[in-house]
Amino acid sequence: IPELREAISEYHRLNDGVSIPPGNVIVGPGSKSLFFLLFLVFDGDIILLSPSWTTYYPQCRLTQKRTIIASSSFEDGWKLTPEILKKAISNSKPETPKLLVFNNPDNPTGIAYTEKELRALSLVFKKENLLVLSDEIYGQLHFGGNHQCLAKFYPEGTIVSNGISK
């Protein structure tokens, strides 16, 4: 439905400050099925954060793709840092395509990334030529009201996932 895709594009322009052409908008019955399809067709390694949403890892296992875990900790504020990402992918072949599943705000930790943090991560994403699936389903539930969309800082490599059910 072209009008729906145009409305979603306008929503992201107004709420996230990003320009997503309506032709780049995909509408589906829910994010889980769309994530699974992306994992299935992606020809490369999939990077997951730990901790992360409970269904990401089982979906990756079903696709039989190599899954790399990037583990954060209390000391890191449960956030992905450039150092954690570099360490996680250090044993991956540079020529192997990589997809990072990024959740902002995060579920289950509830943390949200700042503009400064997203800019720093984006530099690594660009250097490593990562494709990033940015799950932003909780973006408009950010209690500070200042959700930062990753596509503002890394538009060329970000797939934004959002929805209306939360």
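On a 1 Å grid over the protein atoms alone, a cavity is a set of points where a 1.4 Å probe fits but cannot get out, whereas a pocket is an open set with protein on both sides within 12 Å along at least five of seven lines, and lining residues have an atom within 4 Å of a point. Grid points are joined across faces, edges and corners, and a volume is the space filled by probe spheres set on the points. The model is predicted, so that local features need pLDDT of at least 70 and side-chain atom pairs count only at pLDDT 80 or more, while totals for chains, interfaces and linings use all residues. Residues are numbered from 1 along each chain as its sequence is written, and side-chain values use heavy atoms, with hydrogens and water left out.

One cavity of 30 Å³ or more is present in the structure, and the largest cavity holds about 30 Å³ of space. Among the residues that line the largest cavity are Pro 51, Trp 78, Asp 106 and Tyr 113.

The peptide bond from Ser 50 to Pro 51 is cis, with omega near 5°, and Pro 51 lies in the loop between strand E1 (45–50) and helix H3 (56–63); helices (H or I, at least four residues) and strands (E, at least two) are DSSP runs, numbered from the N terminus. Trp 78, although not a glycine, has a positive phi of about 60°, and its place is in the loop between strand E2 (67–71) and helix H4 (82–88). Trp 78 counts as partly exposed because its relative accessibility is 35%, where buried means under 20% relative accessible area, exposed over 50%, and partly exposed in between (1.4 Å probe, protein chains only).

Asn 129, in the loop between H5 and strand E4 (131–135), has a positive phi near 55° and is exposed, with a relative accessible area of 63%.

The largest pocket has a volume of about 1300 Å³. Of the 44 residues that line it, Ile 26, Val 160, Ser 161, Asn 162 and Gly 163 are the closest to its centre. Helix H1 (2–16), helix H2 (31–41), E4 and strand E5 (158–161) each supply at least two residues of this lining, and H2 gives the largest share, six residues.
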